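Dear colleague,

I am handing over the structure below, and my notes on what was found in it follow directly after. Please read them with the model open beside you.

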Amino acid sequence: MARVATKQSTMAILGHVLIEAGKDSLKLSAFNLVMNAELIVPAGEQAEATITDSADRLRERVAALPESEVSLEIEDTRLVVSAQRVAYRLNTGHPDDFPCLPKCGKVSSLQIPQGQFKRMIEQVQ
């Protein structure tokens, strides 16, 4: 997702990441009207929800978290990103504002260790 979400667009929503929590997975999507990136990772059983958040702000907060399991929760219109005793409450955008992503023919999934996922999020700009 690195460099797909950009804050230099005239459309502020393109600087956001679409976060979709499914029944047993988490999907992150970024789109800049030229290319898109999607990452789907397995997650524990959870309630389904969809929000957007600033890619830069999310990257900064995840990078500042201690090395441990990361938790994402939605409280009203805020995304709570936490690990151990550190928690950030981020204002979110409405998912309907996020542009529709082009459909790809083949869908694949990926399992990735938490540390590697954290490094990937740190590269989102």
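**Fold and burial**

Of the 125 residues in the protein chain, 36% count as buried, where buried means under 20% relative accessible area, exposed means over 50%, and partly exposed lies in between, with a 1.4 Å probe and protein chains only. This is a predicted model, in which local features need pLDDT of at least 70 and side-chain atom pairs count only at pLDDT 80 or more, while totals for chains, interfaces and linings use all residues. Residues are numbered from 1 along each chain as its sequence is written, and side-chain values use heavy atoms, with hydrogens and water left out.

The protein chain has two helices and seven strands, which follow the pattern β-β-β-β-α-β-β-β-α along the sequence; helices (H or I, at least four residues) and strands (E, at least two) are DSSP runs, numbered from the N terminus. Among the contacts in the protein chain with a separation of 6 or more, 58% are between residues 24 or more positions apart, a contact being heavy atoms within 4.5 Å.

**Cores**

The largest nonpolar core has 19 residues, and those with the most contacts inside it are I19, L28, L58, V81 and F117; a nonpolar core is a set of buried Ala, Val, Leu, Ile, Met, Phe, Trp, Tyr and Cys residues joined through side-chain atoms within 4.5 Å. At least two residues of this core come from each of β1, β2, β3, α1, β6 (78–83) and α2. Another core, of five residues, lies apart from it and includes I13, F31, F98 and L101.

Leaving aside neighbours within four places in sequence, L58 is in contact with I19, D53, L79, V81, L90 and I121.

**A buried loop residue**

L65 lies in the loop between α1 and β5, and L65 counts as buried because its relative accessibility is 5%. Again leaving aside neighbours within four places in sequence, L65 is in contact with V70, V81, S82, A83, V86, Y88 and K118. L65 and Q84 are 19 residues apart in sequence, and their C-alpha atoms are 8.4 Å apart in space.

With kind regards
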